[in-house]
Amino acid sequence: MHKFVPIALALPLAACANPGGSEPSAPPVPPEAAPGACDATATEAYVGQTATAETGAAILAASGAEVLRWGPPNSAWTMDYRTNRVNVRYDESSTITEITCG
């Protein structure tokens, strides 16, 4: 029975081994941006401005996103990532502090 213990322990490792002679695969190519995908680079000018409905609409248009999510001060956010959403955080004085995608 003790002879089989080392073999039983080695089998899971053997399943992970790379068969000899095969080359590693190429890294994945990132997909093209989907329509409605967020790009926050064009929204940097809005950081420091007042968070209003008009500013939100302008950020939404500049980012190319389909969904705008406001982040009030001291609030919790879900960690789900959505490529079509722009996130706008603001502080107690309604000043925009951060704009990100996701």
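Colleague: Let me start with Thr78 and Arg69: what makes the 3.2 Å between their side chains a polar contact?

Modeller: A polar contact needs an N or O atom pair within 3.5 Å, one atom able to donate a hydrogen and the other to accept it. The side chains of Thr78 and Arg69 are joined at 3.2 Å, so the pair falls within that limit. Please keep in mind that this is a predicted model. Thr78 itself is found in the loop between β1 and β2, and its side chain makes another polar contact, of 2.5 Å, with the side chain of Asp80.

Colleague: How do you know whether Asn87 is buried or exposed?

Modeller: We look at its relative accessibility, which is 5%. Buried means under 20%, so Asn87 counts as buried. Leaving aside neighbours within four places in sequence, Asn87 is in contact with several residues, including Arg69, Trp77, Glu98 and Cys101.

Colleague: Could we step back to the overall layout? What is the order of the elements from the N terminus on?

Modeller: The order is α-α-β-β-β, that is, 2 helices and 3 strands. The chain has 102 residues, and 21% of them are buried. Its accessible surface comes to about 7400 Å², with 62% belonging to carbon and sulfur atoms.

Colleague: Which residues of helix α2 are buried?

Modeller: In α2, which covers residues 53-63, they are Thr55, Gly56, Ile59 and Ser63.

Colleague: And how do you know that they line one face of the helix?

Modeller: Look down the axis of α2: the buried residues fall within an arc of 100°, so they line one face. These buried residues pack against β1 (67-71), β2 (85-90) and β3 (96-101). The face of α2 turned away from the buried side carries Ala53, Glu54 and Ala61, which are exposed. After α2 comes Gly64, whose phi is positive, near 80°.

Colleague: Now the aromatic rings. Why is the pair of Trp70 and Tyr90 called edge-to-face?

Modeller: A search of the whole structure finds 1 aromatic pair. The ring centres of Trp70 and Tyr90 are 5.9 Å apart and the planes stand at 75°.

Colleague: What makes Trp70 partly exposed?

Modeller: Its relative accessible area is 31%. Partly exposed runs between the buried limit of 20% and the exposed limit of 50%, so Trp70 belongs there.

Colleague: How do you know that Cys38 and Cys101 form a disulfide?

Modeller: Their sulfur atoms are 2.0 Å apart. The cut-off is 2.5 Å, so the two cysteines count as a disulfide. The structure holds 1 disulfide. It links distant parts of the chain, as Cys38 sits in the loop between α1 (4-16) and α2, and Cys101 in strand β3, 63 residues apart.

Colleague: Why is the disulfide of Cys38 and Cys101 called left-handed?

Modeller: The torsion about the S-S bond is about -65°, so it is left-handed. The partners sit on two sides of the 20% limit for buried residues: Cys38 is buried at 15% relative accessible area, whereas Cys101 is partly exposed at 22%.

Colleague: One last point. What makes the phi of Asn74 worth a look?

Modeller: It is near 55°, a positive value in a residue other than glycine. Most residues other than glycine have a negative phi. Asn74 has its place in the loop between β1 and β2. At 77% relative accessibility it counts as exposed, because exposed means over 50%.

Colleague: And what is the phi of Ser94?

Modeller: The phi of Ser94 is near 65°, again a positive value in a residue other than glycine. Ser94 is in the loop between β2 and β3, and it is partly exposed, with a relative accessible area of 27%.

Conventions. Residues numbered from 1 in each chain as written. Predicted model: local features only at pLDDT ≥ 70, side-chain atom pairs only at ≥ 80, totals over all residues. Heavy atoms only, no water. Helix = DSSP H or I, 4+ residues; strand = E, 2+ residues; numbered from the N terminus. Buried < 20%, exposed > 50% of the residue type's maximum accessible area, 1.4 Å probe, protein only. Areas by Shrake-Rupley, 256 points an atom, 1.4 Å probe, with all protein chains shown as cover. Arc of directions from axis to C-beta. Contact = heavy atoms within 4.5 Å. Phe/Tyr/Trp six-rings, centres within 6.5 Å; stacked < 30°, edge-to-face > 60°.
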